[in-house]
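Here is a short briefing to read alongside the model. Keep the viewer open as you go through the points.

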Amino acid sequence: MSKYRTIGPACTLGEGPLWHPLREQLFWFDIPAGALYGCDASGGDMRSWNFDEPASAAGWVDEKTLVIATASGLQQFDIETGARDLLAEMELDNPVTRSNDGRTGPDGSFWIGTMGRNLEPHAGAYYRFRQSKLSRVIESMSIPNATCFAPDGRTAYVADTTERLIWRWPLDAAGNPASERIVHIDLRSENVKPDGAVCDVQGYLWNAQFGSSRIVRYAPD
């Protein structure tokens, strides 16, 4: 008998899992369906919401509020009522792109990438939302992924799946980029595509690698 069990409906593109520690609930998305799902730690109390556009990533603000990244921008979302308010437009005038991978940084800012809906090369970009302002920090990306942060808050990571590169980005004490990003992992010779990632408490980066059926743990050095 399998030790795994299915929770929720099957997803066309299930992404963006977020654990909300105050609610002890898990949230995730079916990106093309524009659907957000949630459940408790046992897989029960299933709930769902629809944004009527692709939605891909979230960060928690307080016990009842999330920031949601959609194709048109960043939304403040009330979990209890389903109410949403636009925080910032993001490529609203560009029908080619949608949001993709994102995560809240150690300073509370939200980092989020965009990509072509049909995988158009270099159609996307990478942004940071801080103090009610959305700033573009990388001009051209194909499939931004692997957004995560070292436990000491002094390093950000980001990948471009198509480019087969993972970069590290030194941050200052306030969480701002302190210098240019540096290639951290180069997977071009292996023809491996880096996808979502997270750092553990020791600062190691765990990266899911698309099409390779593997997860790899990389040391901080």
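Which residues make a nonpolar surface patch of about 290 Å²? The patch is made by Val198, Trp206 and Ile215. This is a predicted model, where local features need pLDDT of at least 70, side-chain atom pairs count only at pLDDT 80 or more, and totals for chains, interfaces and linings use all residues. Residues are numbered from 1 along each chain as its sequence is written, and side-chain values use heavy atoms, with hydrogens and water left out.

**Surface patch**
- Areas come from the Shrake-Rupley method with a 1.4 Å probe.
- Ile215 belongs to strand 19 and is exposed (over 50% relative accessible area), at 60%.

**Nonpolar cores**
- A core joins buried (under 20%) Ala, Val, Leu, Ile, Met, Phe, Trp, Tyr and Cys residues through side-chain atoms within 4.5 Å.
- The largest has 13 residues, and Cys148, Leu205 and Tyr218 have the most contacts inside it.
- Strands 13, 14, 17 and 19 each supply at least two residues of this core; strands are DSSP runs of E, at least two residues.
- Another core, apart from this one, has 12 residues, including Phe27 and Leu66.

**Asn145**
- Asn145 sits in strand 13 (residues 144-149) and is buried, at 3% relative accessible area.
- Its side chain makes a polar contact of 3.4 Å with that of Asp195 (N or O atoms within 3.5 Å, one able to donate a hydrogen and the other to accept it; residues adjacent in sequence count only if both atoms are side-chain atoms).

Technical notes: Helices (H or I, at least four residues) and strands (E, at least two) are DSSP runs, numbered from the N terminus. Buried means under 20% relative accessible area, exposed over 50%, partly exposed in between (1.4 Å probe, protein chains only). Patches are made of residues with over 30% relative accessible area and no salt bridge: like charges are joined within 9 Å, nonpolar side chains (Val, Leu, Ile, Met, Phe, Trp, Tyr) within 5 Å. A salt bridge is a side-chain nitrogen of Lys or Arg within 4 Å of a carboxyl oxygen of Asp or Glu.
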